[in-house]
Amino acid sequence: MINVDISNIWGEVALPDLLAIESEVAAAHETLMEGTGAGREYRGWLNLPSGEPNPEMFRILLAAEQIRNDSDVCVVTGIDSSCLGCRAAIELLQGCSHNIGKGKGNPQILFAGNTLSTRHWNELMQLLKDQDFSVIVVSKYGTAMEPAIAFRSLRWMLERKYGTDVARKRIYAVTDPEQGALRQMVREEGWESFSIPHDVPEAYSLLTAAGLLPMAVAGIDIQEVMSGAAEARKEYAFGSFENPVWQYAAVRNLLYRGGKAVELLESFEPGFRMFGAWWQQLFGASEGKDGKGLFPAAAELTGDLYGLGQL
């Protein structure tokens, strides 16, 4: 579980101020849990953690096993908001060099659709040229430009390599359950598909098939992941300053009110790099509106110690 050390804040924050903000944190927590605030229609991610297997979980595991059996490489296409979470989870659990030595039975996991780089695309095509591969396309509505371009190109490669009928069996879509361009394509083509619930934004979709399917393909025990998430949800639901989440929220808010402008997330582990990128994206997208919010930046030590760390 999370530990929060606030021993270094006292030159910037006074104890009376910290105690005084407790009622504000309590009110914010209640608003979030009861769904009475702005954005309440997009808080479905709170209910995703589950310690019990369900039919969707079994479908994900079956699809992952199929991909593992017939693919040297699995390409996950999606914009950063939908794929950073699962990429962060895979690298956090298996290291940033997790693809080395992998192949059929335990395929490499590659990501596409989050850049318009021609060089990156050419390198990916060269890598896939002599490999058996499958594609997981993740998009809530199927309209984001970068993943749409990448997926259509990968689909063309699959059809050219295997023929249309076999290619259909190597495409797995994760999208809105009812609407959007990608869901319409699923209906027309008959691809295996999974859903991101209406009330779950893409950036918070890690514990849907958007994150769980690639993780399962990578060989991660997703039932254990979900059990851990369910335990964390229970642990962090209680309302008091004994809750480390409350401490973190209160302190960063007080520092922000006191004039601090930047929040730096640092780690000594290269495997934590993509988690930092995901954290940066979540906080930037959620708070960076109307000229408000701390600027989130992630740093990897010791490499960044004399750059971002010193600044």
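**Before you click**

You are looking at a predicted model, where local features need pLDDT of at least 70 and side-chain atom pairs count only at pLDDT 80 or more, while totals for chains, interfaces and linings use all residues. Residues are numbered from 1 along each chain as its sequence is written, and side-chain values use heavy atoms, with hydrogens and water left out.

**Stop 1: the largest cavity**

Select Val 137, Ser 139, Gly 142, Ala 144, Pro 147, Ala 148, Phe 151, Arg 152, Leu 182 and Met 185, which line the largest cavity. A cavity is a set of points, on a 1 Å grid over the protein atoms alone, where a 1.4 Å probe fits but cannot get out; lining residues have an atom within 4 Å of a point. The space inside comes to about 80 Å³; grid points are joined across faces, edges and corners, and a volume is the space filled by probe spheres set on the points. In total, the structure holds three cavities of 30 Å³ or more.

Now colour helix H6 (145–162) and helix H8 (181–189), each of which supplies at least two residues of this lining. Helices (H or I, at least four residues) and strands (E, at least two) are DSSP runs, numbered from the N terminus. By class, the lining of the largest cavity has seven nonpolar residues, two polar and one charged. Ala, Val, Leu, Ile, Met, Phe, Trp, Tyr, Cys and Pro count as nonpolar, Asp, Glu, Lys and Arg as charged, and the others, Gly among them, as polar.

**Stop 2: Ile 171**

Next, pick Ile 171 in strand S4 (residues 171–175). Is Ile 171 buried or exposed? Ile 171 counts as buried because its relative accessibility is 2%; buried means under 20% relative accessible area, exposed over 50%, and partly exposed in between (1.4 Å probe, protein chains only). Show its partners too: leaving aside neighbours within four places in sequence, Ile 171 is in contact with Val 135, Phe 151, Arg 155, Leu 158, Trp 191 and Glu 192. Contact means heavy atoms within 4.5 Å. You have already met Phe 151 in the lining of the largest cavity.

Stay here and select Arg 170 with Tyr 162: the charged end of Arg 170 sits over the ring of Tyr 162, 4.2 Å from its centre. A charge counts this way if NZ of Lys or CZ of Arg is within 6 Å of the ring centre and within 35 degrees of the ring normal.

**Stop 3: the second largest pocket**

Move on to the second largest pocket, which holds about 300 Å³ of space. Of its 13 lining residues, the closest to its centre are Arg 87, Ile 109, Leu 110, Phe 111 and His 120. A pocket is an open set of points with protein on both sides within 12 Å along at least five of seven lines. Colour helix H4 (80–94), strand S2 (108–112) and helix H5 (118–128), each of which gives at least two lining residues. H5 gives the most, with four. The lining of this pocket has six nonpolar, four polar and three charged residues.

**Stop 4**

A search of the whole structure finds six aromatic pairs. Select one of them, Phe 275 and Trp 278, whose rings are edge-to-face, 5.7 Å centre to centre with 85° between the planes. Rings of Phe, Tyr and Trp (its six-membered ring) pair if their centres lie within 6.5 Å; planes under 30 degrees apart count as stacked, over 60 as edge-to-face and the rest as tilted. About one helical turn separates Phe 275 and Trp 278, because they are three residues apart in helix H12 (residues 273–287). Phe 275 is partly exposed at 27% relative accessibility, whereas Trp 278 is buried at 14%.

**Stop 5**

Follow the chain to Asp 290, in the loop between H12 and S7. Asp 290 has a positive phi of about 60° although it is not a glycine, and it is exposed at 73% relative accessibility.

Then find Thr 302, in the loop between strand S7 (295–300) and helix H13 (305–309). The peptide bond from Leu 301 to Thr 302 is cis, with omega near 10°.

Finish at Tyr 204, in the loop between strand S5 (192–195) and helix H9 (209–217). The C-alpha atoms of Tyr 204 and Ser 81 are 123 residues apart along the chain and separated by 7.9 Å.
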